[in-house]
Amino acid sequence: MIYWQLFWSFLQIGLFSFGGGYAAMPLIEEQIVSQHGWLTMQAFTDLITISQMTPGPIAVNAATFVGIKIAGVPGAVVATFGCILPSCVLVLVLAKLYFKFRNMQMLQGVLGSLRPAVVAMIASAGVSVLVTAFWGGGAIALAATNWTLIVIFAVCFLLLRKTKLNPVLVMVLAGVLNLGVRLVLR
């Protein structure tokens, strides 16, 4: 039964996660945190962090991670297959249709109207991750603010915006900064 739940949950994520990994985060969160309780919000935030540091799409990495946690390697295979199946089928069908109708104005209008929804989904996921990181997922209160993480976030944001540093290097730097602060404050 758990294999079916994993397959069905990640099939839904794969079916409805238009716009890429960041747009899929609210869907993944709904399935694995809210509906099934397979992960806590803190574990979900850690999952997103790990998914960003490993190669591959966020949804596929999440499916593999959750599948292994819930039902071992067979669970990972089932969840990952459920996640990628809709994409494989949709890409084949859409590629055929797109090449046939790519100059049609209505198609361009539909694609253009989907962009704001995708941006909203990405923003929603980003705010959820920030709230969890800075306030532990609880109420946003000045006393509960993790100022160390806010400073590290600001430094990384400025480095990414003002320099040409590789994002992976900035992520490693953030980890080293956090580790250094924790060792000093110990």
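1. How far apart are the end C-alpha atoms over residues 141-160, and what percentage of the chain there is helix and what percentage strand? The end C-alpha atoms are 28 Å apart, and over this stretch the chain is 70% helix and 0% strand, where helices (H or I, at least four residues) and strands (E, at least two) are DSSP runs, numbered from the N terminus.

2. This is a predicted model, in which local features need pLDDT of at least 70 and side-chain atom pairs count only at pLDDT 80 or more, whereas totals for chains, interfaces and linings use all residues. Residues are numbered from 1 along each chain as its sequence is written, and side-chain values use heavy atoms, with hydrogens and water left out.

3. The protein has seven helices and zero strands, and from the N terminus on its elements run α-α-α-α-α-α-α. The C-alpha trace spans about 60 × 45 × 30 Å along its principal axes. Of the 186 residues, 26% count as buried, a class that means under 20% relative accessible area, with exposed meaning over 50% and partly exposed in between (1.4 Å probe, protein chains only). Among contacts in the protein with a separation of 6 or more, 52% come from residues 24 or more positions apart, contact meaning heavy atoms within 4.5 Å.

4. The UniProt annotation "transmembrane region", taken from an unreviewed entry, covers residues 75-95, 116-135, 141-160 and 167-185; UniProt positions are given in the numbering used here, feature names are shortened, and annotations may be inferred rather than shown by experiment. For residues 167-185 the span is 100% helix and 0% strand, and its end C-alpha atoms lie 27 Å apart.

5. Helix H1 (residues 2-16) and H2 have axes that come within 10 Å and cross at roughly 165°, the axes being lines fitted to C-alpha atoms, for helices over the stretch in contact, and the angles running from 0 to 180 degrees between N-to-C directions. That makes H1 roughly antiparallel to H2, on a scale where angles under 35 degrees count as roughly parallel, over 145 as roughly antiparallel, 65 to 115 as roughly perpendicular and the rest as oblique. The crossing of H1 and H2 is right-handed; a crossing is left-handed if the near helix is turned anticlockwise from the far one by less than a right angle, and right-handed if clockwise. On the H1 side the contact is made by Ser9, Phe10, Gln12, Ile13 and Phe16, and on the H2 side by Leu27, Ile28, Gln31 and Ile32. These residues divide into six nonpolar, three polar and no charged, where Ala, Val, Leu, Ile, Met, Phe, Trp, Tyr, Cys and Pro count as nonpolar, Asp, Glu, Lys and Arg as charged, and the others, Gly among them, as polar.

6. Helix H3 (residues 41-53) packs with helix H4 (residues 58-101) at an angle of about 120°, their axes being 9 Å apart, and the two are therefore oblique to each other. H3 passes H4 in a right-handed crossing. Leu47, Ile48, Ser51 and Gln52 of H3 make the contact with Ile58, Asn61, Ala62, Phe65 and Val66 of H4, which by class gives six nonpolar, three polar and no charged residues.

7. The axes of helix H6 (residues 147-162) and helix H7 (residues 167-185) come within 10 Å and cross at roughly 155°, so H6 and H7 are roughly antiparallel to each other. H6 passes H7 in a right-handed crossing. From H6, Thr148, Leu149, Ile152, Val155, Cys156, Leu159 and Leu160 meet Pro167, Val170, Leu173, Ala174, Leu177, Asn178 and Val181 in H7, and by class this contact has 12 nonpolar, two polar and no charged residues.

8. Tyr22 sits in helix H2 (residues 21-35) and is partly exposed, with a relative accessible area of 41%. Leaving aside its neighbours within four places in sequence, Tyr22 is in contact with Gln52, Ile58, Met121, Ile122 and Ala125. The C-alpha atoms of Tyr22 and Val118 are separated by 8.8 Å, although these residues are 96 residues apart along the chain.

9. Leu114, found in helix H5 (residues 105-135), counts as partly exposed at 46% relative accessibility; C-alpha to C-alpha, Leu114 and Phe18 are 8.9 Å apart in space and 96 residues apart in sequence. Glu30, which lies in helix H2, is partly exposed with a relative accessible area of 38%, and Glu30 and Leu85 are 20 Å apart in space, C-alpha to C-alpha, and 55 residues apart in sequence.
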